Amino acid sequence: MKSPGEPAAIAALLDAVEQSCAVKQQLVAACGAQIHAATATIIQTLDKGGKLLLCGNGGSAADAQHVAGEFVGRFLSDRRPLPAIALTADSSVGTCIGNDYSFEAVFERQVMALARPEDLVVGISTSGNSRNVVRAIEAAGRAGCGTLGLTGDPGGKLRDVARICICVPSNVTARIQEAHITIWHVICTLVDAAIASEASA
């Protein structure tokens with residue numbers, strides 16, 4: 001296997017950056033209202049003593065764990081830890097459910113076990129059609145929880161079942177995932193600001 005030359009590598013980098021920037025520049029018009037609604041819902045969930053339960057597959061599983069870490073640990077400020085659980089992180093539970101039931105049930109059963117009406121269940125799927133994510137959101141709806149989806153364009157089944165759905169205006173997996181992390185960092189910034197404002201009131 002031959003490595004690309006430096007000009008080819010730089011060209012590939014420039015192309016990826018340009019594509020990523022183009023998608024992110026469309027986020028305000030395409031997703032601004034949904035990002036605001038998601039942030040308000042997360043703040044309300046935390047204010048009433050609820051927690052976030054997050055799930056996704058592959059890169060989106062890593063995003064779920066990344067986001068949980070930002071809430072439980074810290075983001076920009078040294079504020080109180082916030083309750084968030086990535087349903088992707090317990091390998092024993094995940095493999096048990098996958099083996100004894102099905103991979104499609106791997107998040108659904110965790111939602112059934114852990115979710116309470118005051119909680120917010122978050123499903124991340126670039127296609128919006130990951131059956132295990134969709135089933136988790138459906139289970140959350142039956143439990144009376146808030147539901148939030150993050151996906152790409154056009155949103156797939158997740159758009160239909162999540163109460164709030166942020167659909168990134170792209171159908172390229174890499175660009176969607178990059179935008180998802182930008183969205184989450186914006187949400188974390190706003191949550192930190194809300195907590196700081198509360199503390200100074």
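Predicted model: local features only at pLDDT ≥ 70, side-chain atom pairs only at ≥ 80, totals over all residues.
Mentor: Residues are numbered from 1 along each chain as its sequence is written, and side-chain values use heavy atoms, with hydrogens and water left out.

Trainee: What makes helix 1 oblique to helix 8?

Mentor: Helix 1 (residues 6-25) and helix 8 (residues 173-200) pack at about 55°, and their axes are 10 Å apart. Angles under 35 degrees count as roughly parallel, over 145 as roughly antiparallel, 65 to 115 as roughly perpendicular and the rest as oblique, so helix 1 is oblique to helix 8. The axes are lines fitted to C-alpha atoms over the stretch in contact, with angles from 0 to 180 degrees between N-to-C directions. Helices here are DSSP runs (H or I, at least four residues), and strands are too (E, at least two), numbered from the N terminus.

Trainee: Which residues of helix 1 make the contact?

Mentor: Ala16, Gln19, Ser20, Val23 and Lys24 of helix 1 meet Arg175, Glu178, Ala179 and Thr182 of helix 8. Contact means heavy atoms within 4.5 Å.

Trainee: Why are helix 3 and helix 8 called roughly parallel?

Mentor: Helix 3 (residues 59-72) packs on helix 8 at about 15°, with the axes 11 Å apart. That angle falls in the roughly parallel class, so the two helices get that label. On the helix 3 side the contact includes His66, Val67 and Phe71, and on the helix 8 side Trp184, His185 and Cys188 are among the residues. By class this contact has six nonpolar, six polar and two charged residues; Ala, Val, Leu, Ile, Met, Phe, Trp, Tyr, Cys and Pro count as nonpolar, Asp, Glu, Lys and Arg as charged, and the others, Gly among them, as polar.

Trainee: And what makes helix 2 oblique to helix 8?

Mentor: The axes of helix 2 (residues 27-47) and helix 8 come within 10 Å and cross at roughly 45°. That puts helix 2 in the oblique class, therefore the name. This contact has 14 nonpolar, one polar and two charged residues.

Trainee: Where is the cis peptide bond?

Mentor: From Asp153 to Pro154, with omega near 10°. Pro154 is in the loop between strand 4 (146-152) and helix 7 (156-161).

Trainee: Which helix gives the most to the lining of the largest pocket?

Mentor: Helix 4 (residues 91-100), with three residues. The lining includes Asn57, Leu87, Asp90 and Phe103, and by class it has five nonpolar, six polar and one charged residues.

Trainee: How do you know what counts as a pocket?

Mentor: On a 1 Å grid over the protein atoms alone, a pocket is an open set of points with protein on both sides within 12 Å along at least five of seven lines, whereas in a cavity a 1.4 Å probe fits but cannot get out; lining residues have an atom within 4 Å of a point. The volume of the largest pocket is about 160 Å³, taken as the space filled by probe spheres set on points joined across faces, edges and corners.
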